[in-house]
Amino acid sequence: STPYNHKEVEKKWRKHWEGHPVNVQDGKKPKYYCLDMFPYPSGSGLHVGHWRGYVISDVWSRYKILKGYYIIHPMGWDAFGLPAENYAIKMGVHPSISTAENVANIKKQINEIAAIYDWDMEVNTTDPNFYKWTQWIFVKMFKAGLAYEKEMPINWCPSCKTGLANEEVVNGECERCGASVTKKNLKQWMLKITEYADRLLEDLNKLDWPEKVKKMQSDWIGKSYGAEVDFTVDGTDNAIRVYTTRPDTLYGATFMVLAPEHAMAKELATKEQQAEVEDYIYKASMKSSVDRLQDKEKTGVFTGSYAINPLTKKKIPIWLSDYVLADYGTGAIMCVPAHDERDFEFAKKFEIPIVQVISKDGKEDPEMTEAYTEAGVMINSGDWNGMNSDKAKQEVPDMLEKMGIGKKTVNYKLRDWVFSRQRYWGEPIPIVHCEECGPVPVPEEELPLLLPEVEKYQPTGTGESPLADIHEWVNTSCPTCGKPAKRETNTMPQWAGSSWYFLRYVDSKNDKELVSKEKAHELLPVDMYIGGVEHAVLHLLYSRFYTKFLYDIGVVDFEEPFTKLFNQGMIGKNGAKMSKSKGNVVSPDDLVNDYGCDSLRMYELFVGPPELDSEWDDRGIDGVYRFINRFFNLVSEHKDKNTKATEEMIKLRHRMIYDITTRLESFSLNTVVSGFMEYNNKMIDLAKKGGGIDKETLETAVILLAPFIPHVSEELWSQLGHETSVFENTWPEYDEEKMKDSEIEIAVQINGKTKGTVMVAAEASKEEVLAAAKEAISDKLTGSIIKEIYVPGKIVNIVVK
Ligand code: ANZ
Ligand code: ZN
């Protein structure tokens with residue numbers, strides 16, 4: 001038999017699969033949709049880190065084929081976005097041209113993985129036939145009142161004169177020119193994701209997702225229960241409303257802080273304080289939100305005005321500070337320095353009184369050195385004294401409601417989604433602005449609204465997208481009244497296409513509907529989604545929002561897009577994440593050439609637990625390559641010997657099925673690989689001992705290995721005399737009875753000292769074992785037996801005198 005030659009084997013089977021696909025629907029198989037997070041087709045191509053996710057999803061897909069499923073396993077391109085646009089600005093190449101080149105390159109590289117992608121389903125978010133539906137969803141959202149315009153502050157670079165995405169602001173500075181980023185009020189399109197907050201939170205319970213990711217989403221949604229309380233401004237009829245999650249601490253509120261943007265901020269300033277207040281408000285407006293959150297030292301300004309604490313009736317000073325966010329709660333807070341860390345710091349710095357109202361043991365702490373944030377016994381709180389603060393937290397909102405000074409409320413951290421980008425390379429927002437009719441959506445039958453060609457991709461400098469410069473495109477007529485009107489010139493964020501692409505794959509050529517009802521029902525939702533953990537919040541939350549909306553308007557009949565989620569860790573090298581900019585990229589091309597696709601697939605899994613980050617070391621692939629060679633030789637050597645299966649071989653076979661299956665099911669893919677290596681060694685030993693190894697055991701191993709090293713498995717399956725594909729088998733089943741040892745070895749001791757061993761039947765009774773044990777050491781047994789101890793399955797100890 002010929003030794004393993006990876007180039008020949010891989011060439012042969014690649015060619016064969018072209019005409020004989022292994023994933024076919026016979027009309028009877030249940031579907032299984034295994035999805036990869038689709039890549040951004042960058043110019044630098046794939047490295048071994050990208051391979052890992054695609055290998056994991058392919059192994060899982062091929063395993064499911066062997067489990068009798070028809071697999072939906074598509075691939076596509078998330079191709080709008082900044083890098084292509086920046087490249088266009090630099091090189092003057094139209095983004096569609098560079099994108100098409102990159103797609104072609106990466107597709108070639110992805111094919112090297114030998115994954116069973118169904119390229120008939122391919123989508124590209126920049127294809128008008130695709131973004132037609134991205135725009136259609138927006139129009140539907142607009143009609144449902146979920147897309148609206150709002151003037152709001154965005155990141156603004158005063159030097160480049162352009163709006164920036166959060167990702168483009170690095171440490172408060174413009175990523176391109178280094179200028180300090182400020183805020184500018186611009187009219188933005190917003191999507192009302194907050195309307196779905198409760199459903200997005202509650203339905204997390206339905207998902208088979210890593211707990212970590214579910215927690216990140218629920219923290220992001222950030223539902224909290226508390227109360228809104230009105231504080232009257234001293235000497236006026238005005239009240240300031242605050243939001244608090246700790247109404248139990250109301251007696252301890254010794255000052256108030258408003259966000260500098262609060263509507264009442266300026267009017268609260270007394271004459272003496274006016275200049276200082278205005279100066280503070282201006283400085284805060286120039287700070288980026290990143291800086292505001294990162295600033296260690298608290299800043300603030302006293303307005304000169306006071307409010308009345310509704311319970312103590314004491315006058316408390318009103319301050320402005322940028323640690324209070326304008327768009328959370330009511331933008332104003334009551335400050336309880338004794339029990340809130342930020343308030344404590346602020347009170348210390350500005351010498352504001354601190355009044356303790358909760359204590360561990362009912363006693364006041366004369367000199368607090370830090371805020372006491374736990375629950376406890378209420379003190380200095382009038383009628384509430386002696387109450388447990390957790391209980392008060394529940395009851396106070398109702399009491400405030402009765403007293404007419406507040407009410408129970410729920411708050412969310414989740415904000416509506418800023419959906420406008422002042423950039424060229426994105427989907428045009430399909431809206432026409434008419435002076436008479438306001439914003440009017442482009443009629444659905446006129447979609448897609450094509451992205452026009454431009455000569456200059458640079459942002460215009462006015463905070464508008466380059467589309468604003470194409471007058472013949474911008475100037476149009478109102479779809480409703482026919483009067484002259486202007487097109488919206490902002491484009492959508494890159495998230496727009498990725499929020500729903502997984503729905504389109506299963507009906508990617510449909511020009512009548514986003515997806516037909518039949519296909520959606522039959523082939524969706526996604527059963528397994530595989531991708532990096534960096535998408536835990538934005539992409540995975542947006543996709544859930546889009547799916548729920550499409551459910552509400554009857555496009556799909558399920559509410560959650562991704563039933564199960566697996567996040568793979570990143571591959572690093574020399575302690576850093578692999579990336580072109582760090583110069584530590586390992587290309588798969590040489591490794592495939594030297595060791596073959598199968599070896600690299602297996603090695604990608606062997607480098608470490610798939611959910612964790614792992615360090616790459618090229619040298620390790622050698623061990624995997626040797627394993628494949630040894631297994632190849634074992635099968636070649638023994639395939640025709642007709643060795644009869646011994647009990648040991650049968651036991652090994654069932655244990656192997658058990659170990660590989662349970663490890664695979666729990667995604668412990670690195671231990672699957674080490675398991676194969678161990679069982680291979682055991683098979684080699686057994687074959688030596690018995691002069692061969694039975695065909696069924698060899699065939700079982702070949703089938704188990706098929707998801708991992710598909711070329712080698714096909715080759716060996718055919719060498720074993722089969723004309724069908726190895727993937728036409730069903731995944732082997734284990735029989736627990738057959739895994740058991742039929743005989744076990746028992747140590748036999750006299751007075752605690754081991755004197756020998758004895759083999760007994762695994763199911764032997766205590767009496768039988770004791771008899772066999774005494775028999776085995778009868779020559780050493782003297783004196784009279786006073787006790788016989790049996791530790792089942794392990795030891796017999798005979799105590800003699
Ligand atoms: C009084 C108090 C006493 C508070 C205490 C906390 C502890 P979460 O859980 O995040 O909802 N807060 C309210 N609105 C704010 C805003 N716009 N910017 C900054 N902080 C704000 O927290 C709500 C708590 O954060 C509220 O409860 C409020 O401070 C503060 F011992 O009110 B608390
Ligand atoms: Zn009009």
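The questions and answers below set values against definitions.

This is a predicted model, in which local features need pLDDT of at least 70 and side-chain atom pairs count only at pLDDT 80 or more, while totals for chains, interfaces and linings use all residues. Residues are numbered from 1 along each chain as its sequence is written, and chains are lettered from A and ligands numbered from 1 in the order in which they are written.

Q: Why is helix α20 called roughly parallel to helix α24?
A: Helix α20 (residues 621–638) and helix α24 (residues 710–719) pack at an angle of about 10°, with their axes 10 Å apart. Axes are lines fitted to C-alpha atoms, for helices over the stretch in contact, and angles run from 0 to 180 degrees between N-to-C directions. Angles under 35 degrees count as roughly parallel, over 145 as roughly antiparallel, 65 to 115 as roughly perpendicular and the rest as oblique. The pair is therefore roughly parallel.

Q: What makes the contact between α20 and α24?
A: I628, F632, V635 and S636 of α20 meet V712, L716 and Q719 of α24; two residues are in contact if their C-beta atoms, placed from the backbone, lie within 7 Å. The contact residues comprise five nonpolar, two polar and no charged. Here Ala, Val, Leu, Ile, Met, Phe, Trp, Tyr, Cys and Pro count as nonpolar, Asp, Glu, Lys and Arg as charged, and the others, Gly among them, as polar.

Q: What joins strand β20 to strand β21?
A: Four bridges join β20 (residues 431–434) to β21 (residues 438–441), and the two run antiparallel. They form a hairpin with three residues between them, and C434 stands opposite G438 in β21.

Q: Which residues come nearest to ligand 1?
A: Of the 17 residues around ligand 1, T244, R246, Y328, G329 and H339 come nearest; a residue is near a molecule if its C-beta atom, placed from the backbone, lies within 6 Å of it. The shell around ligand 1 divides into seven nonpolar, eight polar and two charged residues.

Notes
Pairing = 2+ DSSP bridges.
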